[in-house]
Amino acid sequence: MGKKILNSEIQKFINANLNSDLHKLLLRKSPFPDVSMQEIVHQIKGKQTAQKKFPFLLKEGIIFPPQLNIEQSSSETTAKYKSAALNGKSFIDLTSGFGIDAYYLSENFEQITLIEKNAELLETVQHNWKILERKATFINKKLEDFLEDNKDDFEVIYLDPARRDQNKNKVFLLEDLSPNILEIQDKLLSISRKVVIKLSPLIDLKYLVSVLKNVSQIDIIAVKNDVKEIVITQNKDFSGEIICHCVNLESEETSLSFYFNEEKTAVAEYDEAHKWIYIPNNAVLKAGIFNLISKKFGLKKLHPNTHIYTSDTKIKDFPGRILEMKTVDSKEIKKKEQLNIISKNYPLKPDEIKKKYQLKDGGDRYLIFTQSKKGKIILKSV
């Protein structure tokens with residue numbers, strides 16, 4: 001495709017069709033002899049994604065890569081969060097991809113290096129960075145080949161390993177990723193004081209800590225209550241307690257920090273449901289700190305397997321939903337009521353509850369089906 005796509009008439013056509021039906025567009029013949037309709041639609045899709053995922057790229061002259069590269073990129077929101085505490089002289093991204101993480105993580109560094117094995121993708125990133133007026137050294141090499149030839153040290157290394165095998169199936173264990181983190185971690189720590197690794201939100205935290213060396217920090221990053229990334233920081237000189245941060249970006253919820261081993265000694269207190277009900281956000285639930293939540297916020301837990309908490313007086317700054325509720329009998333539920341239905345540690349799923357009680361979904365009131373130590377209970381918004 002090259003830079004033919006940047007022709008002013010083609011760009012005008014792309015911008016005029018940002019809200020068009022792309023399937024219908026693909027059936028049309030391209031009005032431009034040098035650029036196919038597939039290439040044009042490809043750029044329209046890229047701009048549509050950028051509007052929500054990385055609006056900083058909505059500039060004249062930006063070229064978007066294939067859709068898979070866009071899908072696999074971090075969002076602007078998560079990239080900004082990761083960049084907040086990183087600075088120094090030299091930064092290297094060993095798996096550059098579309099360069100979203102690299103762009104933000106490198107903001108506070110003097111020397112920036114991007115490694116990418118896909119030559120066409122790297123050329124696109126190099127072009128875009130010129131438009132964005134950001135300088136870097138761009139190296140088209142396999143990560144393994146670069147590490148073998150490299151003689152330099154870097155203050156911060158960043159990598160986002162590919163999480164699919166040769167058959168495009170998702171993989172989660174570190175030895176199955178590309179590159180194999182367990183094979184190269186010693187090499188990485190020998191040439192950098194800090195290694196930052198982005199991993200799948202499904203990966204097990206205890207497993208990570210058991211196989212990775214010098215882990216100093218774990219960030220569980222959610223966006224609008226959807227856990228997007230687990231980010232591990234390895235520090236060459238670290239030997240203390242691992243700090244964990246749970247964040248729910250693009251929400252008003254407070255972040256939560258704790259030491260990884262705190263849950264082991266935390267003891268939860270239990271009680272029946274009181275006036276205020278607390279449901280931790282998904283970043284906190286991913287952390288698995290079910291007893292620590294009770295201890296940290298002075299809340300009572302409803303049941304060992306019910307990760308819902310309660311109190312008589314409202315506790316502010318809780319990392320999750322805070323609801324004013326009352327315990328009700330099933331007979332008090334009116335047909336056709338509009339409610340957000342939550343089912344936790346309860347035999348019926350929300351859809352089954354909705355059907356059974358003939359309820360409408362939505363609104364700003366809640367109906368929770370759950371279990372306390374005394375048995376099944378129903379909680380309803382006051």
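This is a short chat about the fold of one protein chain, taken from a predicted model.

Q: How many helices and strands does the protein chain have?
A: The protein chain has 14 helices and 17 strands. This is a predicted model.

Q: And what size of box do the C-alpha atoms fill?
A: Along the principal axes, the box is roughly 70 × 55 × 35 Å.

Q: What share of the residues is buried?
A: Of the 382 residues in the protein chain, 50% count as buried. The accessible surface is about 19,800 Å², and carbon and sulfur atoms account for 46% of that.

Q: How many positive and negative side chains are there?
A: There are 60 positive and 52 negative side chains. The centres of the two sets lie 6 Å apart.

Q: OK, sheets. In what order do the strands of the open sheet with eight strands come?
A: The order is S10-S12-S13-S11-S14-S17-S16-S15, and the pairing is mixed. The edge strands are S10 (269-270) and S15 (338-343), each of which pairs on one side only.

Q: What does pairing rest on?
A: Strands of a sheet pair through backbone hydrogen bonds, and they can be parallel or antiparallel.

Q: So which way do S16 and S17 run, parallel or antiparallel?
A: Strand S16 (residues 360-372) and strand S17 (residues 375-381) run antiparallel, joined by six bridges.

Q: Which strands does helix H14 touch?
A: Helix H14 (residues 350-357) packs on the sheet and touches S15 and S16. The direction of H14 makes about 135° with that of S15.

Q: And where does helix H13 lie?
A: Helix H13 (residues 290-297) lies across S10, strand S12 (300-303) and strand S13 (306-311). The angle between H13 and S13 is about 10°.

Q: Switching to S4. Is S4 mostly covered or uncovered?
A: S4 is mostly covered, since five of its six residues are buried.

Q: Which residue stands opposite Val156 in S4?
A: That is Phe91. Strand S1 (residues 88-93) pairs with S4 in the parallel sense over three bridges.

Q: How many bridges join S4 to S5?
A: Five bridges join S4 to strand S5 (residues 192-199), and the two run parallel. Tyr158 stands opposite Val196 in S5.

Q: Which peptide bond is cis?
A: The bond from Ser178 to Pro179 is cis, with omega near 5°. Pro179 lies in the loop between strand S4 (154-159) and helix H9 (181-191). Most peptide bonds are trans.

Q: What about phi, is it positive or negative at Glu133?
A: Phi of Glu133 is near 60°, a positive value in a residue other than glycine. Most residues other than glycine have a negative phi. Glu133 lies in the loop between helix H7 (119-131) and strand S3 (137-139).

Q: Is Glu133 buried or exposed?
A: Glu133 is exposed, because its relative accessible area is 73%, and the cut-off for exposed is over 50%.

Q: And what is phi at Asn225?
A: Asn225 is not a glycine, yet its phi is positive, about 70°. Asn225 is found in the loop between strand S6 (215-223) and strand S7 (226-235). Asn225 counts as partly exposed because its relative accessibility is 27%.

Q: Last one: where is Glu71?
A: Glu71 is in helix H4 (residues 67-72). Glu71 is exposed, with a relative accessible area of 53%. The C-alpha atoms of Glu71 and Ile157 are separated by 23 Å.

Note on methods
Residues numbered from 1 in each chain as written. Predicted model: local features only at pLDDT ≥ 70, side-chain atom pairs only at ≥ 80, totals over all residues. Heavy atoms only, no water. Pairing = 2+ DSSP bridges. Helix = DSSP H or I, 4+ residues; strand = E, 2+ residues; numbered from the N terminus. Contact = heavy atoms within 4.5 Å. Axes fitted to C-alpha atoms, helices over the stretch in contact; angles between N-to-C directions. Buried < 20%, exposed > 50% of the residue type's maximum accessible area, 1.4 Å probe, protein only. Areas by Shrake-Rupley, 256 points an atom, 1.4 Å probe, with all protein chains shown as cover. Lys, Arg positive; Asp, Glu negative; His and termini not counted. Charge placed at Lys NZ, Arg CZ, Asp CG, Glu CD.
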